[in-house]
Amino acid sequence: MSAPSPITSAKDLERWKEEGLRSLAPNTAKVSVGMATCGLATGAQAVFDVLTEELSKASSQAILAKTSCIGFCQMEPIVEVYRPGEPRVLYKEMTAEKARELAADILGGKVNKKEALCTLDGFPEAKAGKTISGIPRMEDLPFYQKQKKIVLNRCGRIFPDSLAEYIASGGYFTLWQVLNNRSPDQIIAEIDLSGLRGRGGAGFPTGRKWRFARDAQGDPKYIICNADEGDPGAYMDRSVLEGDPFAILEGMAIGAYAIGASQGFIYVRDEYPLAIEKLETAVAQARSHGLLGKNIMGKGLSFDLRLIRGGGAFVCGEETALIASLEGRPGEPRQRPPFPAEKGLWGKPTVINNVETWANVPWILSQGADSFRKLGTQTSKGSKVFSIVGKINNTGLIEVPMGLKLRDIIYDIGGGIPDDKKFKAIQTGGPSGGCIPEKLLDLPVDYESLTQAGAIMGSGGMIVMDEDTCMVDVARYFLDFLKEESCGKCSPCREGIDRALEILERICQGKGRTGDIETLESIGKMMKGFSLCALGTTAPNPVLSTIRYFRDEYEAHIRDHKCPAKVCRELIRYSISAKNCNGCGACVKPCPQEAISGAKKKVHTLDQSLCIKCGMCYEVCKFDAIERE
Amino acid sequence: MKVIEIDQLVQKHGGDDSALIAVLQDIQRREGYLPREALTLLSEKMAVPLSRLYGLATFYRSFSLTPTGRHRVRVCLGTACHVRGGQAVLDQLGRELGVAAGGTTADQEFTLETVRCLGCCSIGPVVQVDQETFGRIRQDKVDKVLRKFQ
Amino acid sequence: MIALQMNGKSLKVKPGMTVLEAAQSAGVKIPTLCHHEGILPYGACRLCTVEITDAGRTTLQASCCYPAKEGLQVRTDTEAVVEGRQLLFQLLLARCSEYPAIRELAAEWGVMDTPFSPKGENCVLCGLCVRACALLMGAEAIAFSGRGTSRKVTTPFRFPSEECRACGACTFLCPTGAIQMEAEMVERLRNRYGPERQCRYTLMGLVSGKVCPNNYNCAQCTFDQTMELRFGMHPAFAVGAAKALAAAASPTR
C-alpha cells in the first residue's frame, strides 16, 4: 500500500489499520531493535547487523524491524522479541555477541531469562494476559510502574516510518472524527477544558492561545511546531520526533483546522539529524496519502507544512526569536505585546506550540478532556515527559502524571543515586530553572510548586546531582552556557550575564569577595524585571536558587577558599598517599605536565608547582593512592 | 561556488526569506564553511543585503566563515555530561590536538567544538567525531578515540 | 482619548501612543538611550523600564514599546524600577568606560560610578545607526554581527561598504560618537573622479545629478546647510518620505 492513494473514508482507515496490525503482530516471530539516537550511540547498529546476518542464515520466517526509544535509555541497546500468542520480551544491554546468542534462541524458540528486561503485553493487540515466570512485567518494573504514557505511548513500540503501524495504534482516527463531526470551536473548547498547558516551559494554557489566534484578524494564519529543544539534558522532544513523528503531523492538522491556518512549519534543532530524517519520511507519506496538503482526507481542510532546520542558537527556542529565524533573520526576540497569536510570523496570527504539546492533542480529542483532567493536579493537568539524567541509576525518559513527588521520581523510578553517593540536588528547567535540595523532595511536580521553589518545570529536563557536585560550579556552568547563547540585543541580559559570570569565576578560583553574593542577587533581580525575553528574565534562576539553598557552599568558596565538593580546580589539591602508593607508575605518563616522578616500586611524588589539577592521575590510579582535598 | 550552483540551492529551498538559513546550511555543508564569494553571489541572487547574510553567518552556530577541519570533534558539555566530567574530557582533547575549543589544527585535520546536549545522557560524557558517537569517555581514553581518525 | 494613571495622577493621551510618549507628554522623565522619535522603537537598552499594571497584572516593561491602553497604571519610581535602573546604568557605565556620553547620562540619573571593571567599549549597541541605515535609507550598509558579548555593528566582513551613501544619519543619531561610517565614506568619496563625485544628497536620492563642488567639506557647504534647514532635522529622515512619493508617482515599479 505504498502507491500514492489518499485516505478518504473510514473503510480506508480500517484497511490501513489491518495492514498495520499484521505488521505489528505478524503470525511469525518478529525482532525489533531500538534504533533511535540513544540506541545507535550505544551500538544498536552492530546488534542489528548481527541479527540480520544470523536470522537470514537459517530459513526462518522471523522478521527483523527497527523501532525507536522505549525510554529506558540506561538499558540500551534494547531488542524486543515477539512471538504470536506470547508476551513480548524486551532484552536489555544487547551487544553484537549477545545478539548472536539471541538469534539462536529465537530460532530455537527459547527465551533467555537472564538477559531479559521485562515482558510487555497488549499493544496494540489486546492483552493476552500472559506472563513468563522469571521475567517481570513492564508495568511491575520500578522504572515503569508509576508512568502514565500518553505522548510516549508509541515510542519504542512501532516502526516510526510506518504509517500503517501508526494507524493501527490509533493514529489518524482522531483527525477523521474531528473533520467529520466537530467544529473548530468545539475543538478549541475541548482543548481548553482539558487544561493542557504549553509543554515547552512557559505553561501557557493551550486552548486560550488557540482561541486568541482563531479570533485574531489576519490571513494566512500559521501553525508552528517548536522542535528547537535546547535545554542541555533534555531530549524528550527528540525522542517523540524520532519515535512517533505522525503524532505531530496529526496534532498540527487538528490545530490548523481549529484556528483556520493553511500553512505550518516544524522548526527542528540542527543537531537532531535522525529526527529530521524521520519527519521527512513521515511528511512525504502523509502527503502521498492525502493526510497533508489540499483537501485532507477529502474533508476540505487544506494544510501543509515545511520542515526547517535551526541554525544553532538556543535562543531560537523562544517563540519570537524562532519567528525571526523563520523570517530569515538572526534569532533576536521581539517585544510582546503583540503576542504571536495576534501578530506572529510575517505579522500574521500564529500559534507556536512545543512538540509535546502537539503530541497531546490527538489523545485529548480522542479520549476526551475529562480523561486528561483526571490526571495531574488542580492547576497542572495531564501527564508530562521528563528526562532523568546525571547522577541517577536509571537514566532515561519517563512520562508521569503531574503531581508525582520528586522523591518518587528520583528513588522509585530513577532507582536512586549510583555508587552509594548522597543525593544533593535535582536541577529542573534547564538554564531557566533551578536546583531543588533534599528537603523539598516531597514537592509535587507541577508548574506552580516548582516555580515557588525557585525552579521551573521547563521543558522537562531533570538533572540529578550528588555530593560530588559543586553547586557554585553549577551556577557558573549555566551562566557560561547562557553567555554563549544570549542574542546580545538587550543590555540587562548581555551585560548582566557577563558580569555575573565574572563574579562566579572569581569565586570558583578562590578570589571571591565579601559582597559578591549580594551583587549576584542584585544583578539577578534587575535581570528578572528588565530583560527583553525569557532567556534574560530566567537566567538568574540557577544562581539565585543555588544561593537560596546552598549558601554555605558559596561562603566556603569566598570566605575559606574551599570547594566542599572538591570540584573547583584552583581550590583543590592532589597529592600522593605514601600509604597506598606502590610505585606502579601508571600515573606518570598520563600527566600532561610531567609533574609526577619516582622510581619503580617506590612511592612517587607530585610536584605541586607543575600540577594543573586536571585529575588524570586520580582517574588512572587503581590503588586509591591519589588524594584529592 | 558557481552562480548556477547558488541558483540551484535557492530553487531547491523555495526562494523566499524563510529559506535563507537552509540555503546557507547547504553551502556550509558543501564547502565546509561560508566563502565570502558565495555569500556575495547569494546576496545578488536573492536580493538580500550582504550585511544581513553576514549577520546570519555570524549569529548562528552552524556556520563558519573559515574552513573547518576534515574531522569535526564535538564534546558534549550538556549538564549531565558536565556533572560526569565532560570539561576534563574537553581539556584533554584540547591538549592532544593543540587547539582551543572552536579551533582547527594546523594540518586542517581536526576541528574541536563543544555542543550542548546530544541527548545521549545515559552514556555521558559523550564525544562525537563526524557521525560516530562515543560514550562513557574518560580523559585518559581520549587518545584512543583520536587514533581511530588519524 | 485614553485615560490612564501615571505615578498616581490621571492622564489622558491620544490613542496610538506608547507609555513612554504618554509619560513624556505629561513631563514625567524616563531615561532612554536606544529611543529616537523618528524611528520605530527597538527595546534594546531597557533603561525606559517602568512598572505597568495592565488588567490587574503588574509587571516591569520597556515603556518605549508598550502601547498606552485605557486603564493602565504606570509607576516610574518604584523601588524595583529605581534600583534596577541604577544597576543597569552601572553596567553600561562599565561597558563604555572611556567615553563621556554615557557618564553624563548616568550622572543625570544619579549614577556617578560603577563597581564593575571597565571594558573600554565605545558602542553601546543601541542599534540607532543600524535601524536608521535600514529603515530610513534602505541601505543596510551596516548591521549587527555576532551575538551576545561579541555583538558588534559592522559592515559585511568589515570591508568598506558598497552601500553607504555617506548620509551621516548614523553619526547624527549615535549617542556615544562610536560610529565613523560617515567620515570613512567621505574619505572614499574624495578619492573618486569627475562625475562620480556625486553630492551626498544625490547618493541619498533627495536631489538628482548634483556633483560635489566642495571636496566633501560638507560642514562648510551652503548646499548642505540648505538641506538641513529645509528638513528641520537630519535629511535622512526625509528619504523615506521621498521614496514613498516616488513610488506613488510610478506605481508600476
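Chain A, in this predicted model, has a secondary structure that comes to 23 helices and 19 strands. Its C-alpha atoms, taken along the principal axes, fill a box of roughly 80 × 65 × 40 Å.

Of its 629 residues, 56% count as buried, and if we take the contacts between residues at least 6 apart in sequence, 72% of them join residues that are at least 24 apart.

Now to one pair of helices in this chain. Two packed helices are described by the angle between their axes and by the distance between those axes. For helix α10 of chain A, residues 236-243, and helix α12 of chain A, residues 273-288, the angle is about 35 degrees and the axes are 8 Å apart. The crossing in which α10(A) passes α12(A) is left-handed. Which residues meet there? From α10(A) come R238(A), L241(A) and E242(A), and they meet L274(A), A275(A), K278(A) and L279(A) of α12(A). Sorted by class, this contact has four nonpolar and three charged residues, with no polar ones.

Finally, chain C, where we find nine helices and seven strands. The C-alpha trace of chain C spans about 65 × 50 × 30 Å along its principal axes. Buried residues make up 40% of the 253 residues in chain C, and among its contacts between residues at least 6 apart in sequence, 54% join residues at least 24 apart.

Key: Residues numbered from 1 in each chain as written. Chains lettered and ligands numbered in written order. Predicted model: local features only at pLDDT ≥ 70, side-chain atom pairs only at ≥ 80, totals over all residues. Axes fitted to C-alpha atoms, helices over the stretch in contact; angles between N-to-C directions. Helix = DSSP H or I, 4+ residues; strand = E, 2+ residues; numbered from the N terminus. Left-handed = near helix turned anticlockwise from the far one by under 90°. Contact = placed C-beta atoms within 7 Å. Nonpolar A, V, L, I, M, F, W, Y, C, P; charged D, E, K, R; others polar. Buried ≥ 20, exposed ≤ 12 C-beta atoms within 10 Å, placed from the backbone.
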